[in-house]
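Subject: Structure for you to look at

Hello,

Here is the structure you asked about, with its sequence. My notes on what was found follow below it.

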Amino acid sequence: MSAATNHAATASAPAHGGRASRPQRLRDGAAAPLLAALGLAAFWLFPDDLGLMTRILTAALYVLSLDLVLGYAGIATLGQAAMFGTGAYAAGIAAVHLVADPLVLLAVGGVAGGLIALATGTLILRGRGLTLLMLTIAVAQIVQEVANKARDLTGGSDGLSGIDPGPLLGLFRFDMYGRTSYLFALAVLLAGFLVARRIVRSPFGLACRGVREDPVRVAALGGSPKRLLVAMYAVAGVFAGVAGALSAVTSGIVGLDSLGFSWSAEALVMLVLGGTGRLWGAILGTVAFMTVHHLLAATDPFHWMLFIGLFLMGTVLFLPGGLASLADRFTRGDRP
Amino acid sequence: METLFGIAVDGVAYGMILFIISVGLSVTLGLMRVVNLAHGAFAMVAGYVASFAAQGLGLPYAAALAGAVLLTVVATLPLERLLYRRIYGQANELAQVLLTIGLTFVIVAGINYLFGPTLKRIPLPEPLQGTLALGPKAIPTHRAFVIAVGVATILALWWLLERTDFGIRLRAAVDDPDMAAALGIRTERLYAATFALGTGLAALGGVLGAELLPLEPYYAIRYIVLFLAVVAVGGAGSIAGSAAAALALGVVDTAGKYLIPNFGEFFFYATLILILFRWPHGFFRGRAA
Amino acid sequence: MPGTLRTALLGAVFATSLAGAGPVWAATVKVGVIAPFSGPFATVGQTFKQAIEVYQAQHGKTAAGHTVEFVYKDLDQANPAQSKALAQELVVKEKVGYLAGFFFTPDALAVAPLIDEANIPCVIFNAATSVITEKSPRYVRTSFTLWQNTVPLAEHMAKQGVRKVATAVSDYGPGIDGETAFKATFEKHGGKVVDSIRMPLKSTDFAPFMQRIKDSGAEAIYAFLPAGPTTLAFAKAFSDTGLKAAGVKFFGPGDITQEPDLPALGDAALGITTTFNYSQAHDSDLNRAFVAKHKELFGSSDTVTFTSVGAYDGTHVIYKMIEATGGSSDGAKAVAAVKGMAWESPRGPLVIDPDSRHVTQTIYLRVTERKDGRLQNSEVAAFAAQPDYGYKVGK
């Protein structure tokens with residue numbers, strides 16, 4: 001038997017393969033308006049932290065893309081940064097040489113992320129478990145090396161700087177206080193969330209979830225599990241690419257770290273922390289992880305790893321299913 | 001010719017270190033189905049213990065090595081009981097990744113707190129310093145020693161798994177855990193023993209390999225991808241597979257750096273992709289031994 | 001619009017300082033320091049912080065009556081987007097008047113648009129790629145560049161009669177700077193570079209590179225790797241593979257034998273010849289006082305190294321800027337005030353070049369040797385008044 005087969009996410013995601021329960025549907029319906037309201041509230045409450053919050057929103061979109069791959073298609077990957085970074089570099093290079101419109105740049109990033117996911121997904125998605133994990137790592141490492149070598153285009157290890165996007169819609173300039181950046185990122189995340197929800201509820205999304213739970217049955221019913229997975233991988237690549245482009249536009253710089261292994265691993269940590277397979281778990285996990293990271297790093301930059309490590313272990317031991325499962329218990333009235 | 005021989009010797013020595021550390025990961029992944037990302041952290045802990053024993057306490061190399069392996073095994077056994085036992089089994093893969101990453105972070109922070117962020121060395125004893133003439137090439141004595149220990153480890157593991165009662169039960173449990181339990185094999189104790197074996201091997205590799213994989217707090221995170229690559233290529237739970245994979249990757253990496261140093265990383269990862277594409281389940285399809 | 005915001009921002013600075021203790025006329029000037037305080041390069045942040053505290057212990061916590069307060073932000077690895085976000089937070093939220101620190105080049109480059117928009121000076125304590133100070137007129141750098149260390153080294157090697165050299169550098173910005181600088185200078189003086197090896201940053205096993213150096217027939221190597229773990233493996237591989245025994249000479253910028261790594265390097269470090277702007281063993285009263293204060297404050301002075309003096313002299317520059325601007329945060333005026341400034345530092349005489357805004361300094365030729373049971377970089381020659389030869393080269 002093959003040793004390292006995995007059915008990622010089956011453990012931590014609750015079994016909600018069929019119809020969603022009523023409270024869950026209510027919660028899902030409330031998620032988008034709630035996100036918008038909280039995002040705007042944060043804008044007024046923490047006007048000095050817009051830089052950090054913009055990065056959180058960008059990361060949330062990126063983790064959301066990982067949820068599509070992992071939570072809905074069961075593909076365990078440690079290489080999602082390949083798509084994020086490709087989108088970021090594509091948008092950055094376009095901004096330096098070709099166009100300045102931020103919306104066009106997002107589109108460029110999305111297309112680039114989708115294409116790289118499509119190309120590599122076809123190659124690697126025949127593996128499972130540890131093999132797949134290694135393949136995703138290897139692909140991301142190679143993409144990172146390409147970016148490192150193409151110094152003339154990417155700036156190599158110095159980073160790609162000089163990205164100066166034009167005003168949003170021709171009206172709102174990206175200034176150093178980050179107001180435009182923040183609201184733009186919030187709008188993009190909201191749009192991404194709504195589109196992602198459409199996708200996972202579509203027949204295509206449901207079929208992918210079917211593959212995750214029982215590939216043999218999907219094949220028996222005449223579907224092609226591999227083709228479905230590659231398609232979902234590419235779709236998620238578009239999301240990650242847009243997130244990368246958003247990062248390039250709002251920060252004005254792209255570095256090799258945006259393609260790095262630790263950025264991939266962090267995405268996984270944030271997602272599992274929040275809870276896989278529910279989209280808003282991705283957002284919750286990102287906000288929690290990055291806020292905790294920020295606060296701990298600010299008070300004791302030397303040993304934040306200790307706290308974040310304990311935090312992660314605590315989540316696994318006492319909160320399997322991630323932070324989102326807290327909300328499940330709450331709405332269902334279960335006792336922990 | 002001399003160059004070819006040189007690459008082969010360097011590659012094999014590098015591969016042996018990868019093998020000694022990775023085979024422990026392979027065994028625990030094969031039996032308990034646990035993706036233990038803290039494996040590299042265990043190797044690192046042993047390295048630091050040995051470094052402290054040799055430099056701080058002035059113990060001889062052999063004693064530092066033995067002490068470090070023993071102490072690491074003893075120190076990690078409670079972890080097996082308290083943490084790992086909850087996450088055995090393939091259904092828990094994500095929980096495993098998260099828990100062991102968390103554990104790795106804690107260990108990294110702890111090592112950083114105790115020993116500081118600077119490099120630590122394990123001073124080599126007199127006989128292991130210097131070089132050894134091996135045909136046309138002079139190789140560091142330490143590397144020759146590492147190769148010898150690697151070969152001994154392969155033989156010892158083979159003997160352990162094929163010729164002892166423990167090995168028979170272990171292989172039975174890997175092939176069919178339920179059946180093994182039904183036959184009265186006490187899987188709990190077996191798991192603990194296997195975990196100790198895996199940690200011990202990591203510790204051994206961590207100490208021996210300190211010259212090639214230098215000891216610093218980020219060791220635990222820096223090299224784990226390398227160890228996972230060996231296990232993926234070799235097939236989880238396969239000793240012969242791990243050996244073949246570690247040697248192949250060691251030689252490929254060495255040759256790549258020699259021939260095209262500017263594209264060394266490409267070469268390594270491209271080979272990895274090709275191998276995994278051709279043998280998605282690893283060289284030996286993952287069985288114990 | 002930015003003008004009014006800036007006024008508001010200044011107002012806020014005054015308001016906070018008025019609320020605090022101290023004389024009414026004095027303001028608190030905040031300096032934001034971005035550096036690695038956790039992760040593989042945590043020692044760097046630590047040396048920055050300690051050097052700043054040493055400076056404040058020696059010269060007081062006020063400049064021209066204004067209390068100088070340092071705010072530290074952790075950036076554990078090269079991550080330009082994060083660097084910019086931290087800088088933004090420092091400027092907008094902490095209302096800092098100065099930015100400082102920066103270990104990695106991309107992190108320093110990332111803040112260029114921000115310091116221009118906010119008109120804030122940025123004093124770089126380390127990041128050593130020449131191109132940085134070209135990107136904004138508000139950068140001032142108190143460390144060194146690869147060109148600055150490499151040019152005198154290459155000239156020295158050529159004078160010593162070394163003819164065939166192989167270069168081995170880490171494959172990233174500073175490494176490539178070093179390789180370019182070496183080739184240009186060494187070949188101009190009649191030497192020959194027989195092999196140029198760029199090693200991946202993540203390499204830990206250097207045996208294959210050593211084999212290549214051996215096969216190239218080089219008499220000596222010029223090597224640059226970032227200070228830290230990889231350096232150890234490289235220097236050890238050099239002696240283990242018999243290159244050292246075969247008489248190949250080892251030259252490089254001093255990062256490779258930085259003081260915190262010396263104990264771990266052990267005998268492998270013996271005989272490595274480097275050029276650098278600072279050695280802990282530098283023979284001067286100022287340096288002895290600097291190291292002694294370190295020992296007094298932190299119990300040990302073992303980690304005092306090039307990043308320490310980079311931060312120490314950077315702090316000096318910031319103090320002078322505050323004195324020149326009377327505590328107001330006018331980046332253009334502050335930078336103008338220190339252009340051409342000359343002073344004596346623990347590492348020797350320094351001048352801020354008015355064009356490149358980088359320190360012109362003495363570069364020392366050092367040999368690593370054991371003295372009183374302890375490894376140290378002993379200075380054997382000095383090349384006075386070396387500028388950044390890499391400023392606007394090939395651009």
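The expected span of a helix is 1.5 Å times one less than its number of residues. Helix α7 of chain A, residues 179-201, has 23 residues and should therefore span 33 Å; its end C-alpha atoms are 33 Å apart, which agrees. Please keep in mind that this is a predicted model.

Contacts between chains A and C

On the chain A side, 24 residues are in contact with 29 residues of chain C. Three elements of chain A, namely α2 (50-73), α10 (225-251) and α13 (304-318), each give two or more residues to the side that touches chain C. The largest share, three residues, comes from α2(A). By class, this side of chain A has nine nonpolar, ten polar and five charged residues.

Chain C

Between them, 13 residues of domain 1 are in contact with 14 residues of domain 2. The domain 1 side of that contact divides into six nonpolar residues, six polar and one charged.

The unreviewed UniProt entry annotates residues 28-366 of chain C as "domain: Leucine-binding protein". In the model, that span is 42% helix and 22% strand, and its end C-alpha atoms lie 41 Å apart.

Chain C also has an open sheet of six strands, in the order β2-β3-β1-β4-β5-β6, with mixed pairing. Its edge strands are β2 (62-63) and β6 (139-141), each of which pairs on one side only. Strands β2(C) and β3(C), the latter covering residues 66-74, run antiparallel and are joined by two bridges. C:Ala63 has C:His66 in β3(C) as its bridge partner.

Chain B

For chain B, UniProt (unreviewed entry) lists several spans as "transmembrane region", among them residues 190-213 and 258-277. Residues 190-213 are 79% helix and 0% strand, with end C-alpha atoms 31 Å apart. For residues 258-277 the figures are 80% helix and 0% strand, and the end C-alpha atoms are 25 Å apart.

Regards

Definitions and conventions
Residues numbered from 1 in each chain as written. Chains lettered and ligands numbered in written order. Predicted model: local features only at pLDDT ≥ 70, side-chain atom pairs only at ≥ 80, totals over all residues. Contact = placed C-beta atoms within 7 Å. Nonpolar A, V, L, I, M, F, W, Y, C, P; charged D, E, K, R; others polar. Helix = DSSP H or I, 4+ residues; strand = E, 2+ residues; numbered from the N terminus. UniProt positions renumbered as here; feature names shortened; annotations may be inferred. Pairing = 2+ DSSP bridges.
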